[in-house]
Amino acid sequence: MMKTLVAAAAALALSAGFAAAESKPVRIGFSIAKTGLFSKAAPSQMTAYELWRDQVNAKGGLDVAGTKRKIVFVWYDDESKPAKSAQIYEKLITNDRVDLLLAPWGTPHHLSVAGVVEKHKFPMVGNTAASVALRKIKPGYIWFPTSSFPDRNAAELAKLAKAQGIKSVAVIANVLPFSQENRQFLLPALKSAGIAVKVDEKYPPNIKDMTPILTKIKSAKVDGVLALSYPDDSFLYMKQAREIGVKAKMEFLLVGPTIPVFAKAFGKRADGILTIGHWSPYQTSWPRAKAFFEAYVAKYKSEPDYLDSALAYMSLEILEQAVAKAGLDKAKLRQAIATGTFETINGKVRFKGVENVATPTAFLQIQGGKMHIVWPKSIATAAYQSR
Amino acid sequence: METILSGQLLFSALVIGSVYALTGLGLNLVYGTMRLLNIAHGDLAMLGAYLAFWLFNLGQVSPLLAAPLAVIGAAGLGALAYFGLFRRQIERAPTVEKLEANSLLLFLGLSVIVQNLASLAFTASPRAVTYLDAIYRIGGVSMTGNRLVMLGVSALICVGTAIFLRRSVYGLAIKALIQNRSAASVVGVNVGRVQLASMMLGFGLAGLAGALLSMTEQISPFMGFPFTIAAFVVIIMGGLGNLLGGVLAGFLLGFVEIYGVVLTSSNARSIILYGVFVGVLLLRPQGLLGGRRIAR
């Protein structure tokens with residue numbers, strides 16, 4: 001009797017074990033700037049991650065080379081410290097033994113984590129990073145879907161300005177790296193386009209009042225203001241430029257206008273503001289774009305960040321399609337990402353080295369509260385409008 | 001030269017100075033009367049800003065109506081902090097230095113907790129309130145309504161506080177406490193009550209500053225820290241515990257920030273600002289108006 005019971009129990013345990021193995025979830029790890037300097041920016045990435053996880057799980061799970069498995073996230077706060085995120089990815093790989101990795105937020109963190117994924121030969125699709133320094137990473141285990149590399153931005157922005165008949169501009173730049181990198185390429189690009197730079201100013205990230213700079217711009221009477229700004233100073237610019245009465249045909253803000261709170265805060269006044277970005281839900285030749293936009297709005301009652309949320313979601317689509325093809329084997333997965341062409345909300349994506357070579361560098365303009373691609377013509381969703 | 005004399009710059013200097021003066025004032029009250037270094041001061045302003053944001057967003061309540069509520073709310077937190085944490089500290093600390101050090105650590109802890117709770121409750125996504133942003137042109141200077149209100153309210157509060165400290169019994173008691181604690185208690189000042197009142201007033205002023213800032217700044221759980229730093233610079237430069245000195249230093253820094261940048265470059269902002277701060281302290285280690293009056 002006892003024997004049968006034990007056998008039955010063993011059989012039960014065994015079958016439970018098998019059942020568990022069958023539905024064993026895919027564990028996906030990442031670090032995120034929950035606190036610290038970047039914590040304001042990171043939610044737009046996290047929301048895209050969570051939306052995707054819920055969508056995939058609702059469909060029955062992630063397709064791992066034919067088997068559907070639910071997704072669970074394993075994540076830690078990196079306190080906005082790049083070194084900390086490297087430690088976290090080390091732990092995710094060696095200690096938590098996650099099946100897949102998603103990217104942390106921001107260029108410094110990507111650069112910091114690149115070494116870790118390379119060391120462990122663990123492929124990871126990056127997202128919210130843009131710097132020419134990314135091209136110096138040894139290609140192989142990390143990829144960047146962005147097309148907003150500073151040198152490419154600068155060249156295209158000069159072209160766009162020239163096409164709009166802009167003759168003179170003011171260039172004001174935050175001293176933070178992304179702004180400075182763009183400035184470094186923008187000044188020569190403007191020069192060769194024959195556009196005069198009448199005001200060229202740098203300012204610190206903690207600037208609280210732009211009156212002195214804006215008075216200079218106002219009296220210089222320029223056709224365009226190219227502000228290589230971050231979100232906080234983009235806000236400050238919008239408030240104070242209007243107060244002081246800066247009038248320019250073209251107003252460009254580097255980072256900030258794609259954040260949902262921006263359009264909300266400035267309403268009609270934001271119309272005509274130009275910014276970097278290569279995704280818009282209004283591009284009908286990208287069928288996934290609108291679906292993502294609508295699902296996001298339904299879940300969060302707020303629009304996605306047109307840069308970070310879109311990039312984050314693209315990286316997930318790429319990973320999802322690569323895993324469907326190659327499964328979880330790191331070498332096969334790496335091969336699939338490096339050589340595949342992926343359908344994303346931003347159209348087709350294909351990598352050469354670390355860089356996405358399918359998506360053109362583009363600019364967004366706020367028109368009637370909507371974010372439209374206005375440059376280049378090949379993917380534009382609306383014509384450029386003067387301010 | 002034309003730019004330097006423009007009223008636009010003067011207005012900006014006054015607005016930014018008034019923000020510094022207002023944030024410094026509350027901090028100074030708490031330090032002056034109790035020797036507590038409130039490193040969570042800016043976080044109270046953050047809570048005030050969120051209160052204004054939510055009331056505006058959910059109930060279309062004007063931030064100007066939210067401001068008194070923020071004062072009451074923050075003052076309530078002040079009472080809570082006083083009874084819950086600091087009364088015992090003040091009574092038991094063997095020396096003033098020990099009390100200052102303890103309070104710094106306690107407030108740092110509170111600051112971290114408040115920031116992270118706010119981040120959990122409201123998410124870290126930045127928010128904004130668009131209110132009173134019509135532009136007025138007065139004598140060639142254009143100003144948005146919210147910055148005008150900021151300047152007006154801050155000026156009113158600074159003047160009001162000065163009058164309160166000179167004319168009202170409570171104000172005199174607060175001053176007495178700032179000048180000499182034990183003597184104040186000997187002449188019959190109810191030290192405990194005055195301390196509680198100062199704490200509530202100091203916290204309340206931070207809440208008020210936050211509600212006003214909600215109209216001009218982006219609101220996020222971590223917005224408070226720069227204001228804490230600014231407030232500390234202001235009160236140290238004005239003379240710790242010297243309320244008038246703090247207000248003076250606030251406006252001085254506002255002017256230095258705006259005109260310093262005009263004369264040099266925006267990039268030199270921090271160098272000029274902290275240069276003046278260090279310079280003042282080199283010449284007058286006790287601060288602009290600090291020193292004798294309080295030490296005696």
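1. The domain bounds used here come from an automatic or database domain assignment. The model itself is predicted, and for chain A the assignment gives domain 1 (10-147 + 285-356) and domain 2 (150-276 + 362-379). Taken over C-alpha atoms, the centres of domain 1 of chain A and domain 2 of chain A are separated by 31 Å.

2. Where these two domains touch, domain 1 of chain A contributes 10 residues to the contact and domain 2 of chain A contributes 11 residues. On the side belonging to domain 1 of chain A, the residues that touch domain 2 of chain A are four nonpolar, four polar and two charged.

3. The largest nonpolar core holds 224 residues, and those touching the most other members are A:Leu101, A:Val117, A:Val169, A:Val225, B:Ala49 and B:Ala52. Helix α1 (residues 7-34) of chain B gives the most to this core, namely 16 residues, while domain 1 and domain 2 of chain A each supply at least three residues.

4. For A:Val225, once its neighbours within four places in sequence are left aside, the contacts include A:Val169, A:Ala170, A:Ile217 and A:Val246, together with A:Ala248, A:Glu251 and A:Phe252.

5. The contact between the chains takes 27 residues from chain A and 33 residues from chain B. On the side of chain A that touches chain B, β9 (196-203), α7 (211-220), α8 (231-244) and α9 (260-266) of chain A each supply at least two residues, and the largest share, six residues, comes from α8(A). By residue type, this side of chain A divides into 13 nonpolar, six polar and eight charged.

Conventions: Residues are numbered from 1 along each chain as its sequence is written. Chains are lettered from A and ligands numbered from 1 in the order in which they are written. This is a predicted model: local features need pLDDT of at least 70, side-chain atom pairs count only at pLDDT 80 or more; totals for chains, interfaces and linings use all residues. Two residues are in contact if their C-beta atoms, placed from the backbone, lie within 7 Å. Ala, Val, Leu, Ile, Met, Phe, Trp, Tyr, Cys and Pro count as nonpolar, Asp, Glu, Lys and Arg as charged, and the others, Gly among them, as polar. A nonpolar core is a set of buried Ala, Val, Leu, Ile, Met, Phe, Trp, Tyr and Cys residues joined through C-beta atoms within 7 Å. A residue is buried if 20 or more other C-beta atoms lie within 10 Å of its own, exposed if 12 or fewer, and partly exposed in between; C-beta atoms are placed from the backbone. Helices (H or I, at least four residues) and strands (E, at least two) are DSSP runs, numbered from the N terminus.
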